[in-house]
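Here are my notes on this model, for when you have a moment to look at it.

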Amino acid sequence: MVDVTSLQQPSAKLRRLVVVGLGLIGGSFAKGLREKALFEEVVGVDRDPQSRRLAVELGVVDRCEESLEVACRDADVIQLAVPILAMEKVLAELAGYDLGNAVLTDVGSAKGNVVRAAKAVFGGMPARFVPGHPIAGSEQSGVEAANPTLFRRHKVILTPVDSTDDEALMLVDRLWRELGADVEHMEVEHHDEVLAATSHLPHLLAFTLVDSLAKRSENLEIFRYAAGGFRDFTRIAGSDPVMWHDIFLANREAVLRILDVFRDDLDALRDAVDSRDGHQLLGVFTRARVAREHFSKILARRAYVDAMHNNDLIYLAQPGGRLSGRVRVPGDKSISHRSIMLGSLAEGTTEVEGFLEGEDALATIQAFRDMGVVIEGPHHGRVTVHGVGLHGLKPAPGPIYLGNSGTSMRLLSGLLAAQPFDSVLTGDASLSKRPMNRVAKPLREMGAVIETGPEGRPPLTIKGGQKLTGMHYDMPMASAQVKSCLLLAGLYAAGETSTTEPAPTRDHTERMLRGFGYPVEVQGATAKVESGHKLTATHIEVPADISSAAFFLVAASIAEGSDIVLEHVGINPTRTGVIDILKLMGADITLENQREVGGEPVADLRVRSAKLKGIDIPEDLVPLAIDEFPVLFVAAANAEGRTVLRGAEELRVKESDRIQVMADGLLTLGVKCEPTPDGIIIDGGAYGGGEVWSHGDHRIAMSFSVASLRASGSIRIHDCANVATSFPDFLGLAAGAGIRVAAEGN
Ligand code: S3P
């Protein structure tokens, strides 16, 4: 009997592993586990005497048996690594033997057929059979190529069924992990669909493209001139024909389903070429290119993270330094989001410059691409949006994933509530914790049908085809996202839609709607739209983001001897609370070269270091500096005396609970501070270095980088990958300006 718990103790051994089929995969599995010495012996079975001899000679197994029955008697684990179409025969043979309590597993690259075969020969799925599939291989084959590290950092998918014994599953899972594999569990059908799409279809296309060109003699010439593109695309047509023949027969249904989908898309592309439909072609190509870039980024990030052996991107910020030079921080996040949304709904082509190429704004681009809008770029901050008009969006093919971006989710919910189709909006772990009732509730009052997850959190499921009715909404909280969400819904709702905010919040939506020629009436705290108008494409120049500039405003203020200019920063009065607060604290900030671009005021900000003093932050400035508080807390820690913040409970529901997470980090560094329900009290003074956690919150990670300028020791900041959501080149710009921060290990 296998005792799984004994596996946890390195000395406790299992008795026997039997590997049936000594090819590359079976041989590598056997050799790897033999080296780990988890079993008293590893026994190989293979029809080919040569392979059996080599397996022993090369130390792949301890010994070989010719007879399957003899090898499997009293085995603890039996691994079937035979070709997929031979699986049924081997299973039938095994069904005739007494396997005792042995755990059975396999490595077939399609799983439905293996499970069907097992059910047929055993008269039901044996509880101790755990189907598996390592996604690994090599150009080499045979037992000679057996490599104990073949599975390291490769995915292995296990596909247990309902009746699979948990203990058997845990054991197989653990064996693969011992070999360094990244194990996932999946349903059989799902596995076969995923593999049909990601592996089997590309092989089919490569084989058929080469064959189709090669068999026409007039085309033979093509090979003579074949360039890199052809070679890259057809590399996998060099794979083992017999193995692939087996795989297509084994995974027939799933392959046919995805092939039909692909054929439809190919036909549509053919029609587009035929009818000279450049718009359609550009749509397919831009979407594909972005999807591929996104995919390579995910892979790159994974490789990086793998190298670190965990999920943590750590910033190491060294003490000291001062800032100088001229810096242009990336484009404004709020304006970038809105440029895509309104550009998509406009008639005509909108050109955007200075667009923020951060993950949040890219999530908005992807959402609109998913809904059929052709968007070119971003390339060096330039984006071209081919608007489809207010009624031209199409249903996305699946749930729209918005990553970390609360703005995307809340603004889109208003827009999508009014569309004729259903939508589902999802996000990452942080976004999935954020409150969505603040938009769902008023939208429902307008007639929208929206479901949230538990406690009003994402995902949002929005039912299309509802007739919305305009209304007036007195907002309970000062939120530009709620205001913008309702105004966007108001573009479609019958009659007028208006909001009154309890305190001024950023007004980019109102300004940009007007820029697109859509009338918006603003009177005091009330903004009003009426449906029935249209948006006309325009040119948008996105100013540099004052929220990103804020890190440098504080950094230059606190680091003695600093003198820096931040270029082309947006100074919309609904965003400049950070400048006002810092000035109240004694900062030396001057606005130079003030001008207006595309309806938004901008200026160059010159900052010189200054002695800061603690203040009571005026509550009316809170919504105007809502995103800058993490770094303002760092300013307070460096000020003389006490700073008190009140009326900022909204900070508790941002990308993290910014009051608590900042307080935790500051306390670690030795700053005297005390969080309160709606703010914080900070006593400025000297502080040291230490280990702090950003909890995936970009602004917290950057704030502690700034804190290092005045720390007496280095600060290690955990969980910094999300800096890429709003400030992709933060490390480069920060280091260039004089902040001594870098990714650990670089
Ligand atoms: C934003 C509004 C603010 C802000 C967020 C961006 C926007 O959120 O914190 O980063 O673009 O409308 P709230 O509306 O929740 O205050």
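The points below cover the ligand site and then a few backbone details.

1. Ground rules. This is a predicted model, with local features needing pLDDT of at least 70 and side-chain atom pairs counting only at pLDDT 80 or more, while totals for chains, interfaces and linings use all residues. Residues are numbered from 1 along each chain as its sequence is written, and side-chain values use heavy atoms, with hydrogens and water left out.

2. Who surrounds the ligand. The shell (residues with a heavy atom within 4 Å) consists of S334, R338, T407, R410, S479, A480, Q481, R506, I626, D627 and K654. By class that is two nonpolar, four polar and five charged residues (Ala, Val, Leu, Ile, Met, Phe, Trp, Tyr, Cys and Pro count as nonpolar, Asp, Glu, Lys and Arg as charged, the others, Gly among them, as polar).

3. Polar contacts (N or O pairs within 3.5 Å). Ligand oxygen atoms lie 2.6 Å from a side-chain N or O atom of S479 and 2.6 Å from one of D627. From A480 it is a backbone N or O atom, at 3.0 Å from a ligand oxygen. The protein buries 95% of the 380 Å² that the ligand exposes when taken alone (Shrake-Rupley, 1.4 Å probe).

4. Where the shell comes from. Domain 3 (315-325 + 545-743) and domain 4 (333-541) each contribute at least three, with bounds from an automatic or database assignment.

5. Cis peptides. Another runs from P458 to P459, with omega near 0 degrees; P459 lies in the loop between β17 (449-451) and β18 (460-463).

6. Positive phi. D74, a residue other than glycine, has phi near 65 degrees. Look for D74 in the loop between α4 (68-72) and β4 (77-80).

Note on methods: A polar contact is a pair of N or O atoms within 3.5 Å; within protein, one must be able to donate a hydrogen and the other to accept it, and residues adjacent in sequence count only if both atoms are side-chain atoms. Helices (H or I, at least four residues) and strands (E, at least two) are DSSP runs, numbered from the N terminus.
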